[in-house]
Amino acid sequence: MPAVSQLRAWWAERPPAAGAAVMASSIVSVGLHLTGYETLSRIALVLAAAAWLALAADFVVRLVRERTRWAAEAGTPAGLTAVAATAVLGTRLSALGWQEVAEALLALSAVLWPVLLFVVVRRWKRRMAGGVFLVCVATESLAVLAATLAAAVGADWLAHAALVLFWLGIVLYGVAFTHFDLREVVTGAGDHWIVGGALAISALAGARLVAAHNVNAYLWNDDDNGVLRAATVALLVLDLAWYCVLGAAELVRPRLRYDVRRWATVFPLGMTAVAALSVSTALDVDWLKGPGEVLLWIAVAVWLAVAAGATGAIRSTAPR
């Protein structure tokens, strides 16, 4: 079966950055759900879940059989996509009403997070690609899922844990920025977009925390809620500013060849759309809904383009 052999050949060389494909598909599914395109949302969810299962199996197999390779890959920033992909998928499943599954994914990602975070941070260098911001993304993905579940099941302790993770993620963003090579904005292969995407998921975490407070008014006092709302708005504004800068850089210096790191472009695009839509709802900023939908369809279009590139990459590995 040529198709199977092609897929196996491609899979054998799969870098950990491919975890961003799960993140991208999951967040696009979330965005389509928020805008009422439920059928399309579930199609994206099925694709994300199937990819997550395959990646999870590969993660375990390499941990058991190829310990050296697993350790090398886990030590790269892209290794943190295991945490973020699991948490973002859990967030979508929570919206589907599958709270027990979402809780299990939260527990799994919470176990992986400190281990992978420690391994990644101790190998940081001075000038790094955009993947360095995955320390923030992974942390904030836990905050988003915890806050989402807190509102869904009424667990106040989850909301407080999410608040701690929210502020920690912002601190990690600042630390990561000191290691980011700004030249990546015009030379990066796709993961440079995470410099904005990390702010977007932070804004989404803030919006989910505000939404949890709207469900339970006793979570935080008025001053804390005011600070949280202001921080959420500031994060979204900064994210949109980076979106414009990164978009302009793509126009000035187009990078049209497929690279697996382009999934790390789709994720920030989708996350920015979801953040705008979520902030609109949580903070009652109605005018953000329109721009949020426009940004979502841009993300969907780029998702399709990257998926087409991935398909071409699989075919190119066919034995001659």
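In this predicted model, phenylalanine 177 has a relative accessible area of 32%, which lies between the 20% limit for buried and the 50% limit for exposed, so phenylalanine 177 counts as partly exposed. Phenylalanine 133, in contrast, is buried, at 0% relative accessible area.

The structure holds nine aromatic pairs. A pair of aromatic rings is described by the distance of the centres and the angle of the planes. One of the pairs joins tyrosine 37 and tryptophan 297: the ring centres are 5.1 Å apart and the planes stand at 80°, so this pair is edge-to-face. Tyrosine 37 sits in the loop between helix 2 (19–34) and helix 3, whereas tryptophan 297 belongs to helix 13 (residues 289–316), so the pair links parts of the chain 260 residues apart. Both residues are partly exposed, with relative accessibility of 34% for tyrosine 37 and 33% for tryptophan 297.

Phenylalanine 133 and phenylalanine 177 form another aromatic pair, a tilted one, with 6.3 Å from centre to centre and 55° between the planes. Here the loop between helix 6 (99–121) and helix 7 (134–153), which carries phenylalanine 133, is linked to helix 8 (residues 156–177), which carries phenylalanine 177; the two residues are 44 apart in the chain. Ring pairs also bring in Tyr173 and Phe180, giving a cluster with Phe133 and Phe177.

Tyr37 and Trp297 also belong to a nonpolar surface patch of about 450 Å², together with Leu40, Ile43 and Leu47. Helix 3 (residues 38–65) supplies the largest share of this patch, three residues. Leucine 40 lies in helix 3 and is partly exposed, at 42% relative accessible area.

Notes:
Residues numbered from 1 in each chain as written. Predicted model: local features only at pLDDT ≥ 70, side-chain atom pairs only at ≥ 80, totals over all residues. Heavy atoms only, no water. Patch = residues over 30% accessible without salt bridge, like charges linked within 9 Å, V, L, I, M, F, W, Y side chains within 5 Å. Areas by Shrake-Rupley, 256 points an atom, 1.4 Å probe, with all protein chains shown as cover. Salt bridge = Lys/Arg side-chain N within 4 Å of Asp/Glu carboxyl O. Helix = DSSP H or I, 4+ residues; strand = E, 2+ residues; numbered from the N terminus. Buried < 20%, exposed > 50% of the residue type's maximum accessible area, 1.4 Å probe, protein only. Phe/Tyr/Trp six-rings, centres within 6.5 Å; stacked < 30°, edge-to-face > 60°.
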